[in-house]
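Some comments on the charged side chains follow, as numbered points. Please read them with the structure open.

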Amino acid sequence: MYRAAGKALWHSDLGGASCYDQNMNSMPPPETFVSQTSRLFCDGDERGGDGHPRVWIEIGAQGFADCGYCDRRFILASGAADKR
């Protein structure tokens with residue numbers, strides 16, 4: 001059973017799809033930041049009170065790295081993933 005807007009939904013009510021499948025199309029993309037350096041840190045959104053422990057992130061050959069806490073994506077400027 002799943003809950004949506006306070007209403008209980010059974011798996012059969014969803015046509016066999018899970019809530020995860022339905023929400024994937026409506027999820028906003030992660031915040032993306034362009035960095036001039038390949039080593040940086042992320043501590044979440046301290047201003048909004050949604051911070052997390054500071055983690056150091058290394059951008060590799062792919063040209064980007066994601067924060068494991070908040071899913072922010074960091075792209076290396078002029079790297080393989082920089083499509084600007």
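Which residues does R72 touch, not counting residues up to four places away in sequence?

1. In this predicted model, R72 touches E31, F33, C42, G44, D45, A65, D66 and C67, leaving aside residues up to four places away in sequence. R72 itself sits in the loop between β6 (64-66) and β7 (73-76). Its relative accessibility is 10%, so R72 counts as buried, the limit being under 20%.

2. Two of these neighbours have polar atoms to note. The backbone oxygen of G44 is 3.2 Å from a polar atom of the R72 side chain. E31 makes a salt bridge with R72, with 3.0 Å between the closest N and O atoms. E31 belongs to the loop between α1 (19-24) and β3 (32-35) and R72 to the loop between β6 and β7, so this pair ties together parts 41 residues apart in sequence.

3. The whole structure has four salt bridges. Another of them joins the side chains of D43 and R54, at 3.7 Å from N to O. D43 is in strand β4 (residues 39-45) and R54 in strand β5 (residues 50-58), so the pair links parts 11 residues apart in sequence. D43 is buried, with a relative accessible area of 18%, whereas R54 is partly exposed at 49%.

4. R73 forms a salt bridge with D66, and their closest N and O atoms are 2.7 Å apart. R73 is partly exposed, with a relative accessible area of 28%; D66 also counts as partly exposed, at 37% relative accessibility. D66 is also among the residues that R72 touches.

Note on methods:
Residues are numbered from 1 along each chain as its sequence is written. This is a predicted model: local features need pLDDT of at least 70, side-chain atom pairs count only at pLDDT 80 or more; totals for chains, interfaces and linings use all residues. Side-chain values use heavy atoms; hydrogens and water are left out. Helices (H or I, at least four residues) and strands (E, at least two) are DSSP runs, numbered from the N terminus. Buried means under 20% relative accessible area, exposed over 50%, partly exposed in between (1.4 Å probe, protein chains only). A polar contact is a pair of N or O atoms within 3.5 Å; within protein, one must be able to donate a hydrogen and the other to accept it, and residues adjacent in sequence count only if both atoms are side-chain atoms. Contact means heavy atoms within 4.5 Å.
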